[in-house]
Amino acid sequence: MSVSEEFIRELKYKNNISDVVSGYIDLKQKGKNLAGICPFHIEKTASFFIYPSNESFYCFGCGKGGDVITFIRLIEKLDYVESLKFLCQRSNMNFPEDELSNDSYKQKMAIYKINRESAKFFHNNLCSLQGKSALEYLKKRNLSLKSIKHFGLGYSLESKFSLVNFLSSKGYFQKDIIDSNVAYKNRSGQIIDRFSNRIMFPIIDIRGNVVGFGGRSISNNNPKYLNTADTIVFKKSDNIFAMNFAKNSNLKNLILTEGYMDTISLHQMGFTNTIATLGTALTPGQVKLISRYTDEIILCFDSDAAGQKATLRAIDIFKQNGISSKVILIPSGKDPDEFIKYYKDESAVRFKELIKNAAADIEYKLLNIKTKYDINDAGDKIKYTSEILKILSNIENDIEKDIYCGKLSTELNISKESIKSQLSKYFKKISKNKNKENILPHTLGYYAKDNQDFSLKRIKAEETILTYIINNYDITDNILPKVSENLFGVNFNKKLYSALKTLILNNRDLNLNNILSEGFEVESAGRITKIICDYKREYINKQVIKECILLIEHENQRAKIKDIQDINSAELKNYIITLKKTKQ
Ligand SMILES: [Zn+2]
């Protein structure tokens, strides 16, 4: 998506940075500039400044800064294009849509307006005499008036024409009303409200637009839940309920539930990082949206069989997308909503406890299998072991694997060795079939913490050499002499290399446990495992290693050029010699 510079200029002009920021924090004049308490980090004295002459902001406390678009990106947690759209809406500008013609842009806007009007209409119904029983229902479910307002809940009247009449009286076109799916045309050509006698949950996108509705029946009308069908502004499979609030919660993880009511109840208890799927099984589009805001999800589904199945499925989908899951285990088979009702005022404290004790994904899977078998029965015991091994063979961390093997050995009274040998058979079978790309976990996270400035290529080259050494240890005689500790710039890699060298000199295996015993903290296990199991390890050969070494040497020389004024004549001489060598 490309937008013109003129467009950006106009957008910034119409969204003056001081005006926009003052919608979020209080600003005080300081000379030519404005200052306030930074919204991005916790502070008592103002170190956040607005420079109107440069149309920019900068925080001396946390180092965040930029223009009005950056500010919106950071504070609303939107991507670039969404931030532009956000500012467009704020200043009543049209967004230059790439593919969409102007007509469809206008239609989209009309549908947003219809949805917003409908949400207001539903909300007013709920507060009127006709909405009395609906309101009572919500109160019985322990929702406060504050929550009802916050989420804009409403009620669709029993009459099948009330919303259509209301929207028509406001001048909206029939076509737009039908296209927004708040109404439909029946066989005899009448236009009828889609929702009637239902509690209405507006679905709001991350930019704050009402894009659709979920409606819960309060009579015996089927289906129990009815959602807006897909429209040009709403795709059910790409939306998440309450993400508009949860994205601003500033908590490191998100809690995913199955329902509107669970989510609203949890928000009311202070868990504002709670979201819900829209009554469907989790979709890739929803996972993608979630992955923009967190890499840890806490699953809080119903305790019944369907809920358990959905949990297992969600764990796998999230894992494939680099998001780790934990599972909240609600005691005595209660649903989140029942749990809240049961514990009343105590529920927030109790729920916090549940989050603290949430099971890791593997643990949950193991618990789940256990419920299916009677391990005192010999036949069951074999089936149970085989299912467990299947799961353990997917664990990438050797230590973790070892711990679970130990647990299983005690539980089943089988020797740890035979469990491990069975496991390695499984692992071989699986790694043959496994999509190689899947072994690549959170690649860049480690380097972000290193605080060292190297190119990605360089980092990868260093890792590739290490991967090769570990996996080809008996034939490294030719390679080892060519590699020196000084080749490695990344401190971690340097340390790992010297650990490998020590192990080789002492004739010891280059496995994770031995490597860790060379002075690594257990936190390093994941990082070392990643290097050991590099998904391209089969393709790394001597030629690749030669190229890696050259690349690193080249980068080292370039770094030296920068420091050339500091080097003494002997170093300079050496440098010129190596330079000549590489040119040959
Ligand atoms: Zn700051």
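At what angle do α13 and α16 pack, and how far apart are their axes? The legend to Figure 1 gives both values. The model shown is predicted; local features need pLDDT of at least 70, side-chain atom pairs count only at pLDDT 80 or more, and totals for chains, interfaces and linings use all residues. Residues are numbered from 1 along each chain as its sequence is written.

**Figure 1. Packing of helices α13 and α16.** The angle between α13 and α16 is about 145°, and their axes lie 11 Å apart. Axes are lines fitted to C-alpha atoms, for helices over the stretch in contact, and angles run from 0 to 180 degrees between N-to-C directions. Helices (H or I, at least four residues) and strands (E, at least two) are DSSP runs, numbered from the N terminus. The two helices, α13 and α16, cross in a left-handed sense; a crossing is left-handed if the near helix is turned anticlockwise from the far one by less than a right angle, and right-handed if clockwise. From α13, Gln 308, Leu 312, Ile 315 and Lys 319 make the contact, and from α16, Asp 361, Tyr 364, Lys 365 and Asn 368. Two residues are in contact if their C-beta atoms, placed from the backbone, lie within 7 Å.

Figure 2. Helix α13 covers residues 305–320, 16 residues in total, and spans 23 Å from first to last C-alpha, close to the 22 Å expected at 1.5 Å a residue. The expected span is 1.5 Å times one less than the number of residues. Thr 311, Ala 314, Ile 315 and Phe 318 of α13 are buried. Down the axis of α13 the buried residues fall within an arc of 105°, so they line one face of the helix; the arc is that of the directions from the helix axis to the C-beta atoms. An α-helix has 3.6 residues a turn, so residues three or four places apart point the same way. Ala 305, Ala 306, Arg 313 and Gln 320, on the other side of α13, are exposed. A residue is buried if 20 or more other C-beta atoms lie within 10 Å of its own, exposed if 12 or fewer, and partly exposed in between, with C-beta atoms placed from the backbone. The cover over the buried residues of α13 includes α12 (284–291), β14 (296–300), β15 (324–327) and α16 (361–370). Just after α13 comes Gly 322, with a positive phi of about 75°.

**Figure 3. Surroundings of Val 327.** Val 327 belongs to strand β15. Val 327 has 24 C-beta neighbours inside 10 Å and so counts as buried. Neighbours within four places in sequence aside, Val 327 is in contact with Leu 299, Thr 311, Ala 358, Ala 359 and Tyr 364. Leu 312 is 15 residues from Val 327 in sequence and 9.6 Å from it in space, C-alpha to C-alpha.

**Figure 4. The largest nonpolar core.** This core has 84 residues, and those with the most contacts inside it are Leu 153, Met 200, Phe 241, Leu 254, Leu 256, Ile 275 and Leu 299. Helix α5 (residues 102–127) supplies the largest share of the core, six residues. A nonpolar core is a set of buried Ala, Val, Leu, Ile, Met, Phe, Trp, Tyr and Cys residues joined through C-beta atoms within 7 Å.

**Figure 5. Helix α3 and the residue after it.** Val 68, Ile 69, Phe 71 and Ile 72 are buried in helix α3 (residues 68–76). The buried residues of α3 fall within an arc of 160° seen down its axis, so they line one face of the helix. Lys 77 follows α3 and has a positive phi, near 55°.

**Figure 6. Two asparagines with positive phi.** Most residues other than glycine have a negative phi. Asn 92, not a glycine, has a positive phi of about 55°, and sits in the loop between α4 (80–90) and α5. Asn 92 is exposed, with 7 other C-beta atoms within 10 Å. Asn 181, also not a glycine, has a positive phi of about 65°, and sits in the loop between α9 (174–179) and β7 (183–185). Asn 181 is buried, with 21 other C-beta atoms within 10 Å.
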